[in-house]
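Here is a friendly note to read alongside the model. Please keep the view open as you go through the points.

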Amino acid sequence: MLGATPGWPAVLADGPVLLRPYKRSDARAWSEVRIANQAWLAPWESAPPGPWAEMNSTRAYSYVYRDMKRAARRGDSMPFAVCLVEDGRERLVGHVNLGNIVRRAFASAYAGYWIDYRVAGRGVIPTALALAVDHAFGPGGLHRIEVNIRPENGPSRRVVEKLGFREEAYHQRYMHIDGGWRDHLGYAMTSEEVAAEGGLLSRWKRVRAAK
């Protein structure tokens, strides 16, 4: 996905956690993990109407992939497939996107993410988000990353809270999800907040080591 976004495309890694651009050949793996995670993901996602299996089929992936590729080429987003590399094999287990990128004086993006419930709790998605944020603040040329999460979504909130994102807003009826307009909590982080710590990944590693 060659594009106009500074720092994109990119491949990022820490230990077994790998972030890379999506490939056309990811269709089967993406569909499998999405369908297996319906109960885990559906309550929190803004999704088009229709059966989950249909909206997450290999056929649907072709449209998702096309849209991600176009957005990256326009410089609007940096969509990463999150993979685990174990025993020399790469397994797609999640997603991190830096989207709604605005340049110039704002230099900001919104982060979104999901993780396969079968590997949740292993530090994969905090590591992936930390890698993406450090990349955004470095080669990506951004200054601020925002994350908006439903108050009821405890696992997602724990990700940003572990990483030290600030809770700074309460957005009433912010987004239409799961049949209704849902409130969201707004979290944010600027590059200055982690610069002295050597970046967000370094901060996250110290937090994990201290447990």
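1. A residue is called buried when its relative accessible area is under 20%, exposed when that area is over 50%, and partly exposed in between (1.4 Å probe, protein chains only). Of the protein's 211 residues, 48% count as buried.

2. A word on where the numbers come from. The model is predicted, so local features need pLDDT of at least 70 and side-chain atom pairs count only at pLDDT 80 or more, while totals for chains, interfaces and linings use all residues. Residues are numbered from 1 along each chain as its sequence is written, and side-chain values use heavy atoms, with hydrogens and water left out.

3. Now the overall build. The protein has 8 helices and 8 strands; these are DSSP runs numbered from the N terminus (helices H or I, at least four residues; strands E, at least two). Its C-alpha atoms fill a box of roughly 45 × 45 × 40 Å along the principal axes.

4. Next, the interior. A nonpolar core is a set of buried Ala, Val, Leu, Ile, Met, Phe, Trp, Tyr and Cys residues joined through side-chain atoms within 4.5 Å. The largest one has 44 residues, and Leu19, Tyr113, Leu129, Ile145 and Phe165 have the most contacts inside it. Helix H5 (residues 124-137) gives the most to this core, with 10 residues. Apart from this core lies another of 14 residues, among them Val33, Leu41, Cys83 and Trp114.

5. Look at Leu129 in particular. Contact means heavy atoms within 4.5 Å. Beyond its neighbours within four places in sequence, Leu129 is in contact with residues including Val96, Ala111, Tyr113 and Phe165.

6. Which aromatic rings pair up? Rings of Phe, Tyr and Trp (its six-membered ring) pair if their centres lie within 6.5 Å; planes under 30 degrees apart count as stacked, over 60 as edge-to-face and the rest as tilted. The count comes to 4 aromatic pairs. The ring centres of Trp8 and Phe80 are 4.9 Å apart with planes at 80 degrees, so this pair is edge-to-face. Trp8 lies in the segment before strand E1 (12-14) and Phe80 in strand E3 (residues 78-86), so the pair ties together parts 72 residues apart in sequence.

7. Finally, see the tyrosines. The rings of Tyr22 and Tyr61 have centres 6.5 Å apart and planes at 50 degrees, so they form a tilted pair. Ring pairs link Tyr22, Trp30, Tyr61 and Tyr65 into a cluster.
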